[in-house]
Amino acid sequence: TAPSVTLSASPVSIDENAAVSVLTATLSVATSQDVTVNIGYTGTASGSGTDYTASATITILAGQLTGTTTITSVEDLIYEGDETVVADITSVSGGGASEDGSQQQTITITDNETAPSVTLSASPVSIDENAAVSTLTATLSVAASQDVTVNIAYTGTASGSDYNASASITILAGQLTGTTTITSVEDLIYEGDETVVADIASVSGGGASEDGSQQQAVTITDN
């Protein structure tokens, strides 16, 4: 009977640090001609050297039963979580061979970075009330593959009329930090020194979370 081709992978889970999974195309019976097995790749991982490298063809030489290619993971320093490479036979040519049904293999690339955590800092921690600025910085322990939104809640003895501040900080994908500012508002009323207390209220995106309980206090000194 005419030869049919199956596809296998080993191992089916690899680390992202330049590990290798071998894709094997196997004929049910050898042929007198070379057989070309074309492979298409999908999945959550990105190809072309971003998350992995892989060949688009496997050649089974005349008289042989198998041919192989490899999927090699590519290391990065970004937290992405585990990702998949899905390999499908897209076409077969030569030797009268054809795909045996629908052949597909899934390889998991396991992330070796831990999920990112967020810390909060402020500089300076004391500002004059005459439109002075303190910068709040949210810092990730490791970069994420998605934007991270850090929501900030403000309390303290200063009221909303004493300062302006954003309710969120965005850390862009691939970056470690994002910032916002606390800007004091001048008035002609004696209030004494007042505080703005900034807390991380929530974190979303990129698998990130708050590192414990993060809080920064900024003093607005009365002039």
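Predicted model: local features only at pLDDT ≥ 70, side-chain atom pairs only at ≥ 80, totals over all residues.

Residues are numbered from 1 along each chain as its sequence is written, and side-chain values use heavy atoms, with hydrogens and water left out.

Start with the sheet that holds E1. It is an open sheet of 5 strands, ordered E5-E7-E3-E1-E10, and the pairing is mixed. Strand E5 (52-54) and strand E10 (98-99) are at the edges with a single partner strand each, so one side of each has no neighbour in the sheet. Strands here are DSSP runs of E, at least two residues, numbered from the N terminus, and two strands pair if DSSP finds at least two bridges between them. E1 and E10 run parallel and are joined by 2 bridges. Valine 5 stands opposite glutamate 99 in E10.

Now the residue. Serine 4 belongs to strand E1, residues 4-10. Is serine 4 buried or exposed? Serine 4 is buried, at a relative accessible area of 19%; the cut-offs are under 20% for buried, over 50% for exposed and partly exposed in between, with a 1.4 Å probe and protein chains only. Setting aside neighbours within four places in sequence, serine 4 has contacts with Thr26, Leu27, Ser28, Ser98 and Asp100, where contact means heavy atoms within 4.5 Å.

The other sheet is also open, with 5 strands in the order E13-E22-E20-E16-E18 and mixed pairing. Its edge strands are E13 (126-128) and E18 (168-171), each pairing on one side only. E13 pairs with strand E22 (residues 215-221) in the parallel sense over 3 bridges. Within E22, threonine 221 is the bridge partner of aspartate 128.

How many cavities of 30 Å³ or more does a search of the whole structure find? The search finds 1. A cavity is a set of points on a 1 Å grid over the protein atoms alone where a 1.4 Å probe fits but cannot get out, and lining residues have an atom within 4 Å of a point. The largest cavity holds about 40 Å³ of space. Its lining includes Glu16, Asp51, Val74 and Ile109.

Terms used
Helix = DSSP H or I, 4+ residues; strand = E, 2+ residues; numbered from the N terminus. 1 Å grid on protein atoms, 1.4 Å probe; cavity = no way out; pocket = protein on both sides within 12 Å on 5 of 7 lines; lining within 4 Å. Points joined across faces, edges and corners; volume = space filled by probe spheres on them.
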